[in-house]
Each structure stands twice: as C-alpha cells, then as structure tokens.
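This report goes through one protein chain and its ligand, part by part. Please keep the sequence and the structure in view while reading.

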Amino acid sequence: MELVVAIVVGLVVLGIVLGVVLSRRRPVSRPTVDRDRGETTDVAKTPPAPTVAPPTTGLAGRIRSAFGGRVEDPWTELEGLLVGADVGPGTSARIVGDVRERYTQGDDPSALVGEEIRSILGAPVPLGLPSEGLGVVLVVGVNGAGKTTTIGKLAARLTGQGRRVSIANSDTFRAAASEQLEVWAGRADAHLVRQTRGADPGAVAFDAVQAAQARGSDVLIVDTAGRLHTKQPLMEELKKVRRVI
Ligand SMILES: Nc1nc2c(ncn2[C@@H]2O[C@H](COP(=O)(O)OP(=O)(O)OP(=O)(O)O)[C@@H](O)[C@H]2O)c(=O)[nH]1
Ligand SMILES: [Mg+2]
C-alpha cells in the first residue's frame with residue numbers, strides 16, 4: 001500500500017501575504033452618478049482630493065504607520081505586529097532581520113515584509129499524489145481559514161479528472177462540521193466518512209483510510225478542526241492523526 005500524506009500548512013502566513021497584497025491595492029476607478037445633476041463622473045479624472053494620511057488599519061497599514069515616525073523603535077514594533085498577527089516568534093524575528101538588512105529610508109516596509117513572506121513560502125508545490133494506491137491529503141489550518149471550502153474545491157477538481165475521491169471528517173469538534181462537509185462531498189460526487197461529533201479525529205482517519213481502500217478510492221482528503229498553531233496540545237493531536245494515517 002502506498003500512502004502519501006501531504007500536509008497543507010501555512011494558511012496563516014498565506015493570509016498575511018494576501019492581507020499585505022490586498023491592502024496595497026489601489027482603489028479601482030469607477031464611475032459615480034451625481035444624483036442631482038444626473039451626470040456620470042469618472043472618479044479617476046476628478047482633481048485629487050487634499051492629501052490624506054495612508055491607511056493605518058490592516059497589517060500593511062499598521063506597519064507603514066510604525067515607520068512614519070510615530071514610534072521610537074519601529075523594528076520592535078514590526079516584530080510585535082507580526083507576532084500579533086500569529087506569525088510565530090522565530091519567523092517574526094527572521095522577517096524583521098531580513099527586512100532590516102534591505103530597508104533604506106523611503107522604502108515601503110510593508111512591501112518588503114510581503115516580499116520576505118513570499119520568499120519564505122517559496123514557489124507553490126504541486127500536489128504530489130501517487131499514480132497508484134491511495135493518496136492522502138491532510139488539511140490543517142487556523143479556524144475559518146477555508147479548509148473545508150478548499151476541500152470541496154479540491155475534491156471537485158479531482159473527481160472532474162476522473163479520480164475516485166473519499167473525504168474524512170476528522171473535524172469532530174465544531175458544530176455542523178459534518179453537515180458542511182456532506183454538502184461539499186455531495187457537490188463533488190465524493191464519498192464521505194464521518195462519525196458522531198466528539199469522536200476521536202484519529203479514529204475517524206483510521207476508519208476513513210480503510211473505507212477508502214475498500215472502495216478503491218484514489219485520494220482521501222482528511223478535514224480537521226481549525227486550531228491555532230500556538231496551541232501545543234492541539235498540534236499534538238494533529239501529529240497523532242498523521243501517525244494514524
Ligand atoms: N470569498 C471567499 N470565501 C471563502 C473562501 N474559502 C472559504 N470562504 C468562506 O470562509 C468561511 C470559512 O470557510 P471554511 O471552509 O468553513 O473554513 P474552515 O477553515 O474549514 O473553518 P473551521 O473548520 O471552522 O476551522 C466560510 O464562510 C466560507 O464560505 C474563498 O476562497 N473565498
Ligand atoms: Mg472546516
């Protein structure tokens with residue numbers, strides 16, 4: 001039997017990258033209608049409004065604000081902002097060190113942070129599913145990051161390619177997790193393995209591997225309950241699920 005366990009990690013960091021990128025987007029030029037005159041105005045062509053301070057909300061805005069002369073030591077502030085955004089202390093220190101080396105007066109520090117995060121994440125890794133036997137994808141991440149939705153999309157893509165897909169609900173913690181996954185499995189024409197709420201996530205994964213093999217599935221996708229990577233016992237639980245698989 002060939003089992004390949006691909007662990008999907010880094011959703012937190014990905015979220016930060018997206019946050020940085022999105023918050024740097026320029027507002028889209030769109031026409032507005034003057035209701036009194038019935039005229040349409042292209043916002044981009046109107047004279048520039050009086051200079052306003054850049055946004056100080058969102059991670060990118062707060063980073064820029066920290067470097068705007070407001071705080072005495074922006075590097076310590078930056079490290080605190082990263083830790084506060086759930087980037088681990090070690091990675092935060094690394095990012096601060098790397099950005100500090102590259103930063104020169106006038107640079108946008110949030111852009112440099114975004115570049116560092118992208119370089120840490122590296123190029124996207126292809127989903128390495130085996131050509132024979134059962135491939136297992138264990139999906140982990142913080143609460144509400146989009147794990148279950150992504151599983152639905154991934155399952156639909158794989159069944160669309162002609163692969164037989166099983167899904168295991170090892171999120172036995174959150175209310176209605178099973179019902180949510182059932183909807184996605186139905187849409188993707190995938191087979192769902194689940195147990196009652198509160199069951200051991202490792203036990204669900206064990207049953208699911210057996211059931212997927214018995215059905216001749218090509219891929220088993222295992223959903224897990226959202227958790228913060230800073231919660232050690234919950235991370236140990238994930239390790240157990242992986243070992244069981
Ligand atoms: N717009 C948008 N919303 C998304 C996307 N992915 C997930 N969502 C929404 O984000 C919310 C959380 O998504 P889930 O897939 O339930 O996230 P999760 O990580 O499984 O959540 P937990 O199991 O509670 O940890 C839902 O309302 C989804 O509809 C996406 O790509 N785009
Ligand atoms: Mg979920």
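A residue is called buried here if 20 or more other C-beta atoms lie within 10 Å of its own, exposed if 12 or fewer, and partly exposed in between. The model described is a predicted one.

## Overall make-up

The protein chain contains 9 helices and 7 strands. Of its 245 residues, 29% are buried. Contacts between residues at least 6 apart in sequence were also sorted by separation, and 68% of them join residues at least 24 apart.

## Helix α6

Helix α6 covers residues 147-160, a run of 14 residues. From its first C-alpha to its last it reaches 20 Å, close to the 20 Å expected at 1.5 Å a residue. Its buried residues are Lys-147, Thr-148, Ile-151, Gly-152, Leu-154, Ala-155 and Leu-158. An α-helix has 3.6 residues a turn, so residues three or four places apart point the same way. The cover over the buried residues of α6 includes β4 (135-139), β5 (165-170), α7 (177-188) and β7 (219-224).

Lys-153 also belongs to α6, but Lys-153 counts as partly exposed because it has 13 C-beta neighbours inside 10 Å. Lys-153 and Ala-188 are 35 residues apart in sequence, while their C-alpha atoms are 7.8 Å apart in space. Just after α6, Gly-162 has a positive phi of about 90°.

## The shell around ligand 1

The residues around ligand 1 are Gly-141, Asn-143, Gly-144, Ala-145, Gly-146, Lys-147, Thr-148, Thr-149, Asp-171, Arg-174, Ala-177 and Gly-226. By type they divide into 2 nonpolar, 7 polar and 3 charged. Helix α6 supplies the largest share of this shell, 3 residues.

Gly-226, one of the residues around ligand 1, sits in the loop between β7 and α9 (232-244). Is Gly-226 buried or exposed? Gly-226 is buried, because 20 other C-beta atoms lie within 10 Å. Neighbours within four places in sequence aside, Gly-226 is in contact with Gly-141, Val-142, Asn-143, Gly-144, Ala-145 and Lys-147. Gly-226 and Gly-146 are 80 residues apart along the chain, and 9.4 Å separates their C-alpha atoms.

## Helices α3 and α4

Two packed helices are described by the angle between their axes and the distance between the axes. For α3 (residues 74-84) and α4 (residues 89-102), the axes come within 9 Å and cross at roughly 140°. The crossing is right-handed. On the α3 side the contact involves Trp-75, Leu-78, Glu-79, Leu-82 and Val-83, which meet Pro-89, Ser-92, Ala-93, Ile-95, Val-96 and Arg-100 of α4. The residues of this contact divide into 8 nonpolar, 1 polar and 2 charged.

Most residues other than glycine have a negative phi. Asp-86 is not a glycine, yet has a positive phi of about 70°. Asp-86 lies in the loop between α3 and α4 and is partly exposed, because 15 other C-beta atoms are within 10 Å.

Ala-176 is not a glycine either, and its phi is positive at about 65°. Ala-176 is placed in the loop between β5 and α7. With 9 other C-beta atoms within 10 Å, Ala-176 is therefore exposed.

Note on methods
Residues numbered from 1 in each chain as written. Chains lettered and ligands numbered in written order. Predicted model: local features only at pLDDT ≥ 70, side-chain atom pairs only at ≥ 80, totals over all residues. Helix = DSSP H or I, 4+ residues; strand = E, 2+ residues; numbered from the N terminus. Expected span 1.5 Å × (residues − 1). Contact = placed C-beta atoms within 7 Å. Near = placed C-beta within 6 Å. Nonpolar A, V, L, I, M, F, W, Y, C, P; charged D, E, K, R; others polar. Axes fitted to C-alpha atoms, helices over the stretch in contact; angles between N-to-C directions. Left-handed = near helix turned anticlockwise from the far one by under 90°.
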